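Have a look at the picture first, then read on.

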Amino acid sequence: MNYEGFLLVEKLKSRSWPAMCQYVDATLAAMDRWPSAFEWDGMFHPGTMAGFRQFVLCTRTYLAGEGKKRPAGMPLADFLLLKPLCEYLIREGRFPADRLDVFKEIEISSAPVSAPESGERAAG
């Protein structure tokens with residue numbers, strides 16, 4: 001899971017939609033200005049900046065697209081981190097309720113496959 005992405009979502013989920021967009025843009029601008037000094041409330045783990053930047057860009061795309069679909073290139077586990085934002089924006093009336101459908105499809109498709117019965121061999 002993207003821990004820095006989780007922290008970003010926690011900071012966003014009580015803001016209005018325009019304030020979310022402004023915060024995401026400000027985060028991207030800060031990363032551009034001070035890429036080596038950017039950290040989240042403590043130690044920043046080396047090597048995760050590229051993944052976090054990708055998460056922030058995808059979050060911006062998701063918000064700009066008003067939650068209609070998962071941004072291209074965003075891993076499913078990271079996309080599921082955006083579900084609380086979607087739920088909040090639905091409660092606030094910014095997104096229609098059907099925006100949660102894309103999360104339901106992902107949750108079903110990523111459900112674990114049952115283990116083979118004893119005596120059966122797994123394919124592969």
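Tyr3 is partly exposed, at a relative accessible area of 47%, and Phe6 falls into that class too, with 33% relative accessibility. (Buried means under 20% relative accessible area, exposed means over 50%, and partly exposed is in between, using a 1.4 Å probe and protein chains only.) Keep in mind that this is a predicted model, where local features need pLDDT of at least 70, side-chain atom pairs count only at pLDDT 80 or more, and totals for chains, interfaces and linings use all residues. Residues are numbered from 1 along each chain as its sequence is written, and side-chain values use heavy atoms, with hydrogens and water left out.

Both Tyr3 and Phe6 belong to helix H1 (residues 3-12), where three residues, about one turn of the helix, separate them. (Helices are DSSP runs of H or I with at least four residues, numbered from the N terminus.)

How many aromatic pairs does the structure hold? There are five. Rings of Phe, Tyr and Trp (its six-membered ring) pair if their centres lie within 6.5 Å; planes under 30 degrees apart count as stacked, over 60 as edge-to-face and the rest as tilted. Here are two of the pairs:

| Pair | Centre to centre | Angle between planes | Type |
|---|---|---|---|
| Tyr3 and Phe6 | 6.5 Å | 25° | stacked |
| Tyr62 and Phe79 | 5.7 Å | 75° | edge-to-face |

Tyr62 and Phe79 are both buried, and together with Phe95 and Phe103 they make up one aromatic cluster.

Is Thr59 buried or exposed? Thr59 is buried, with a relative accessible area of 0%. Beyond its neighbours within four places in sequence, Thr59 is in contact (heavy atoms within 4.5 Å) with Leu8, Leu12, Val24, Met74, Leu82 and Leu85.

Leu85 turns up again in helix H5 (residues 83-91), whose buried residues are Leu85, Cys86, Tyr88 and Leu89. Looking down the axis of H5, these buried residues fall within an arc of 165°, so they line one face of the helix. (That arc is taken from the directions from the helix axis to the C-beta atoms.) After H5 comes Gly93, with a positive phi near 85°.

How values were computed: Helix = DSSP H or I, 4+ residues; strand = E, 2+ residues; numbered from the N terminus.
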